[in-house]
Amino acid sequence: MTDIDKINIEAIDLNLLKVLEALHEEGSASRAAVRLGLTQSAVSAALGRLRRLYDDHLFVRTGRGLAPTLRANELKPLVSEALDKCRQSLQLVSGVRAGYAGRSLSLGLSDDFELALGRQLIDRLEQEMPGLRIVFRQTHSRIVGEMLMNREVDLAIASGGFTSAAVGSETLGEGRYACLIDSRQPLMAGEIDNNNHLSLQAFLRRQHLLISSGGFIGMVDEVLIPQGLKRSIRASTTHFAALPYLLLGSDALATIPLHAARTLAAFHPLKLLFPPVSMPAYSVNLGWRRDALRDPAVVKMKQIISEIFSGFDWQSEAGGQ
């Protein structure tokens with residue numbers, strides 16, 4: 001008879017599973033204690049019991065808190081699924097929606113998507129997954145796959161797709177580009193046409209702000225250079241949310257995804273225009289670890305994200321150029 005055969009579930013305190021879930025999602029014994037309404041010493045004691053139960057360290061201390069071991073990562077979706085079933089069973093007793101109280105899920109995305117769609121996602125989750133807390137984690141195409149596989153995020157939105165066979169994905173749409181300038185700065189005659197396209201002369205004359213995860217070469221440069229053209233980049237930043245504070249009061253412009261440009265122009269005195277050169281469309285994808293689909297909460301949030309994007313207007317007013 002193995003040690004597993006000797007384990008009697010009736011002798012196990014199932015509250016330990018709530019501690020494992022909280023430690024995995026919070027990454028800190030102190031934060032897990034606050035979430036569960038326990039003392040930190042009680043959480044530490046529970047972790048000791050979990051380690052003996054599963055014969056694994058489960059969480060190791062790092063400079064940023066507690067990092068899960070491979071075994072903890074394997075256990076997390078199974079534990080969350082079991083706890084979700086328990087939460088759902090309470091609905092039968094209470095007669096009200098039991099919700100997802102105590103659960104949190106993390107979504108990896110760059111802040112252009114967070115700006116454009118974050119509020120809508122929060123509202124949908126509040127309505128359809130009451131009690132669930134969502135964590136937006138910043139990522140980009142170079143690291144998003146690694147973040148998924150390291151279980152730093154449960155789902156991810158990224159441009160360009162996912163390459164790992166362990167990651168499932170679906171295409172959400174095709175992104176396009178637009179330009180932003182300070183709407184209070186006067187435009188010279190001939191700088192824009194009737195379709196709100198900047199002239200090539202005006203586009204190249206202005207200083208540019210680049211949003212990039214690194215370097216000073218962007219998609220615009222990849223389009224201009226084969227045509228023997230070059231723009232002047234004043235500065236580069238990693239965050240779209242910084243653009244209003246970098247653009248306003250200057251004659252600089254930024255060429256960014258259309259969905260982000262629309263949102264920023266709606267809340268700041270910025271004018272949305274279209275570039276004079278034909279920019280290629282790019283795919284926007286939703287990705288997930290295949291084993292994460294064992295968690296009903298991940299499946300539900302995946303469905304909600306897909307539905308939000310299915311109603312999203314990807315086309316520009318200028319024919320998608």
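This section describes the salt bridges, aromatic pairs and charge–ring contact of a predicted model. Local features were taken at pLDDT of at least 70 and side-chain atom pairs at pLDDT 80 or more, whereas totals for chains, interfaces and linings use all residues. Residues are numbered from 1 along each chain as its sequence is written, and side-chain values use heavy atoms, with hydrogens and water left out.

The structure contains 19 salt bridges, a salt bridge being a side-chain nitrogen of Lys or Arg within 4 Å of a carboxyl oxygen of Asp or Glu. One of them joins E26 to R133, with the closest N and O atoms 3.6 Å apart. E26 belongs to helix α2 (residues 15–26) and R133 to strand β4 (residues 133–138), so this pair ties together parts that are 107 residues apart in sequence. Helices (H or I, at least four residues) and strands (E, at least two) are DSSP runs, numbered from the N terminus. R133 has a relative accessible area of 40% and is partly exposed; in this scheme, buried means under 20% relative accessible area, exposed over 50%, and partly exposed in between (1.4 Å probe, protein chains only).

A salt bridge is also formed by R231 and D221, at 2.9 Å from N to O. R231 lies in the loop between α9 (219–224) and β9 (232–237) and D221 in helix α9, so the bridge ties together parts 10 residues apart in sequence. R231 is buried, at a relative accessible area of 6%, and D221 is buried with a value of 6%. Salt bridges that share partners unite E21, E25, E26, R35, K76 and R133 in one network.

K302 pairs with E170 in a salt bridge whose closest N and O atoms are 3.3 Å apart. K302 is buried (17% relative accessible area), while E170 is partly exposed (24%). The charged end of K302 also sits over the ring of W288, 4.5 Å from its centre; this contact requires NZ of Lys or CZ of Arg within 6 Å of the ring centre and within 35 degrees of the ring normal.

Rings of Phe, Tyr and Trp (its six-membered ring) pair if their centres lie within 6.5 Å; planes under 30 degrees apart count as stacked, over 60 as edge-to-face and the rest as tilted. The ring centres of Y177 and Y282 are 5.3 Å apart with planes at 55°, so the pair is tilted. Ring pairs also link F113, F309 and F312 into a cluster.
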